[in-house]
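I opened the notebook to record what I looked up in this structure. The entries follow the order in which I checked things.

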Amino acid sequence: MFDIKKYATFEKIKPIYKGWSSDKKYYIETVTNEKMLLRIADISEYDKKKSEFEMMKLFAECGVPMSQTVDFGICNNGKSVYSLLIWCDGEDAEIVLPKMTETEQYELGVKSGRILRKIHNIPAPNEQEEWETRFNHKTDSKIKQYNDCGIKIDGDDKIIAYIESNRHLLEGRPQCFQHGDYHVGNMIISPEGELSIIDFNRNDYGDPWEEFNRIVWSAAASPHFATGQINGYFNGRPPVQFFTLLAFYLSSNMLSSIYWAIPFGEDEVTIMKNQAKDVLTWFDGMNNPTPTWYLADFYIQYINNIPYKLKSPFDISFIEQYGEIFKIYDDQDSGNICFGVENGDKKYFIKFAGAPTEQYSGKPEDAIARLKSTVPIYQDLAHPNLIRFIKAEEVGKGFASIFEWSDGECMGRMYPLSRERFLQMPDSTRLELFNDILVFHIHIIKQGYVAIDFYDGSIMYNFGTKKTLICDIDLYSKMPYINTMGRMWGSTRFMSPEEFTLGASIDEITNVYLMGATAFALFGGEKDRSIEKWRLSDELYKVALKAVNDNRSKRQQSLSEFGYEWNRACQE
C-alpha cells in the first residue's frame with residue numbers, strides 16, 4: 001500500500017468487510033479531511049479493473065451520481081492493482097428506505113430507474129455474442145448446476161417449466177453495458193436524501209432488462225422503491241413483455257443463487273431458499289408475470305417539483321396562491337392532504353380536503369364536511385401548545401384550513417425519520433413534553449371538550465424553541481359524548497376499552513386512560529406495559545399503570561387527579 005501515489009496523505013485507514021467482492025476495501029481519511037474509498041485487487045485483474053475504472057470515470061462525467069474517480073494504478077510491489085474513489089457519504093438504501101415515507105421511497109426508486117437508463121446508454125461492443133445464444137448457454141448451465149447441487153427449492157418444477165416455455169423471449173434482445181449488481185444494497189442515501197450508486201465491480205454487457213434480476217432485494221426492502229425504479233426506467237408503466245421477461249430472468253437467478261450460496265454456509269442457503277419462496281409467491285407460482293409487489297395504482301403528482309401521492313389526478317395548483325410550497329404531507333387517512341407554504345417571511349400549514357387522497361377510504365365530500373366541522377374546535381380550544389388557527393375557506397373544489405407553521409419533529413409512525421429523531425430526546429425533555437400535553441388536555445376538559453383520536457402523530461416538538469405543539473385535534477368533541485360507533489377512530493395504542501364499546505360514555509376518565517397510554521408511548525413499551533420496558537421511576541410507573549386500568553372506576557377520576565399524582569411521583 002505504501003506505493004499508492006496518495007498514500008502519504010492517508011491519515012486514517014479502516015478496512016471494510018461488507019459485500020461479496022474479493023477486493024480488499026478500505027475507508028480512507030486524508031490529512032485534508034477528504035474521505036475516499038480504496039479498492040485493491042490481485043494484479044491478474046489489472047485489465048478488468050482498468051476497464052471498470054475508466055467506465056466509472058465516464059459515467060461520473062455523464063452525471064451518474066456515484067463515487068468520483070481519483071486514481072488508478074499498481075501497488076504492493078506489482079502484486080496488486082488499486083482504484084481510489086471519492087467516498088459516498090450516507091447509509092445503505094436498504095437501511096434508510098423503511099424510515100422514509102412511501103412517497104419518498106417511490107421517488108427515490110424513480111431516480112434509481114432513471115439513473116439505470118443512463119447507465120444503459122452505452123451499447124455492447126459489436127463483436128458481442130448474440131444474447132439469445134449467450135443467455136441460453138448460461139441458463140442450461142444454471143439448470144444443470146442446480147440439479148447437481150443436491151439442494152432443492154419447493155416448487156422448482158414450476159420455475160424450470162417457466163424457463164423452458166419462455167426461452168423464445170430472448171430472441172433479438174438488445175445488449176448494453178450493465179452495472180451488474182443493481183439493487184438497494186449497492187445504493188447510498190445521503191443525509192440530504194440524495195441517491196448514489198456504488199460497486200460497479202460486477203459490470204458486464206447484456207440485455208438491459210436482465211439488469212432487473214436483482215430487484216428482489218429492492219422489492220423486499222420497499223415495494224414502493226421497486227415500483228418507482230421500474231416506472232422511472234420506462235418513464236411510466238412498462239410494457240407487459242417486460243414483466244414476462246423479468247419473471248424469466250428471476251427464475252434463472254433463483255436456481256443459480258442456491259448453488260452459489262452453498263460455499264457461504266447454511267444461513268446463506270436459507271436466505272436464498274426463502275427468497276425463491278417469495279418470488280414464487282409474487283408471481284403466483286409463475287402463473288402471473290406481474291409481481292404482487294408492483295403497485296400499479298400508485299399515482300404520483302408533482303407541484304413545485306415536490307412529489308405527492310393520490311388515487312387519481314387532481315389539480316392542486318390553487319395552493320400556490322398562499323405562497324411557495326416547500327413540504328407536502330400525503331400519508332393521512334383523514335381525507336386531508338397538508339402543505340407547508342412560505343410567503344415572504346411567513347410560513348403556513350394548510351390542511352385541504354377534497355382531493356382523492358391515497359389512504360382515505362371515504363368520499364371527498366365527507367372529508368370536506370369533517371374539515372369544516374373542525375373550525376370551531378380550533379377556535380374554542382386555542383392554547384399556546386396547540387397549532388395556531390388563522391382562517392378557513394372554500395377553495396379549489398374543496399376546503400382549506402390555514403394555520404401558522406411550526407418547525408418540529410413529529411412522533412407519528414407515518415414519518416419514520418422524524419419519529420426516530422423525536423425518540424432520541426432525553427427523558428428530561430420527554431417529561432417536559434408530557435407535562436405540556438397534560439396541561440393542554442386539562443385545558444380542553446375545562447372548555448367542555450373530550451379528546452378523541454389523539455395519538456403520537458398529533459405530537460410535535462421543536463428542539464430549537466423547546467416548544468411542544470399539538471397539531472391534530474380534528475375529532476375532539478363537546479361533552480357529553482356517547483360512543484355511537486363501537487370501534488371509534490384512533491390508534492389502538494392510545495384507546496380505552498370504552499372507545500370500543502357501543503353506547504359507552506367518552507369523558508374525562510377516558511382521557512385519563514389516554515394520558516396513561518401517552519406516558520407508556522413516551523417512557524415505556526407502548527402496548528407492552530411491563531415495568532421492564534419502563535424508563536422512569538417505579539412510582540411514576542404506578543401512576544401510569546393506574547391510568548390505563550380497563551376498569552374505569554380504578555383509574556384516577558380526573559386529569560387534575562392524574563396530574564397531581566404524576567407530579568408528586570416526579571418529586572419522590
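The model is a predicted one.

**Entry 1: the chain as a whole.** I counted 16 helices and 24 strands in the protein chain. I took the extent of its C-alpha trace along the principal axes and got about 80 × 55 × 55 Å. Of the 572 residues, 54% are buried. I then looked at contacts with a separation of 6 or more, and found that 64% of them join residues 24 or more positions apart. The exposed surface comes to about 26000 Å², with 49% of it supplied by carbon and sulfur atoms. For charges, I noted 64 positive and 82 negative ones, and their mean positions are 2 Å apart.

**Entry 2: helix α9.** I checked the length of α9, residues 266-282. At 1.5 Å a residue its 17 residues should span 24 Å, and the end C-alpha atoms are 24 Å apart, so the two values agree. Which residues of α9 are buried? I listed Glu268, Val269, Met272, Gln275, Ala276, Val279, Leu280 and Trp282. They cover an arc of only 160° around the axis, and therefore lie on the same side of α9. I recalled that an α-helix has 3.6 residues a turn, so residues three or four places apart point the same way. On the face turned away from the buried side I found the exposed residues Glu266, Asp267, Lys277 and Thr281. I also looked up what covers the buried residues of α9, and the cover includes α5 (156-165), α6 (215-221) and α8 (240-261). After the helix comes Asp284, with a positive phi near 50°.

**Entry 3: backbone exceptions.** I kept in mind that most residues other than glycine have a negative phi, and that most peptide bonds are trans. Where does Asn76 lie? I placed Asn76 in the loop between β4 (69-75) and β5 (80-86). Asn76 is not a glycine, yet its phi is positive, about 55°.

I located Asn305 in the loop between β11 (299-303) and β12 (306-310). With a relative accessible area of 74%, which is over 50%, Asn305 counts as exposed.

Last, I noted the cis peptide bond joining Met479 and Pro480, with omega about 0°. Pro480 sits in the loop between β22 (477-478) and β23 (481-482).

Methods
Residues are numbered from 1 along each chain as its sequence is written. This is a predicted model: local features need pLDDT of at least 70, side-chain atom pairs count only at pLDDT 80 or more; totals for chains, interfaces and linings use all residues. Side-chain values use heavy atoms; hydrogens and water are left out. Helices (H or I, at least four residues) and strands (E, at least two) are DSSP runs, numbered from the N terminus. Buried means under 20% relative accessible area, exposed over 50%, partly exposed in between (1.4 Å probe, protein chains only). Contact means heavy atoms within 4.5 Å. Accessible areas come from the Shrake-Rupley method with a 1.4 Å probe; for residues, only the protein chains shown count as cover. Lys and Arg count as positive and Asp and Glu as negative; His and the chain ends are not counted. The place of a charge is taken as NZ of Lys, CZ of Arg, CG of Asp or CD of Glu. The expected span of a helix is 1.5 Å times one less than its number of residues. The arc is that of the directions from the helix axis to the C-beta atoms.
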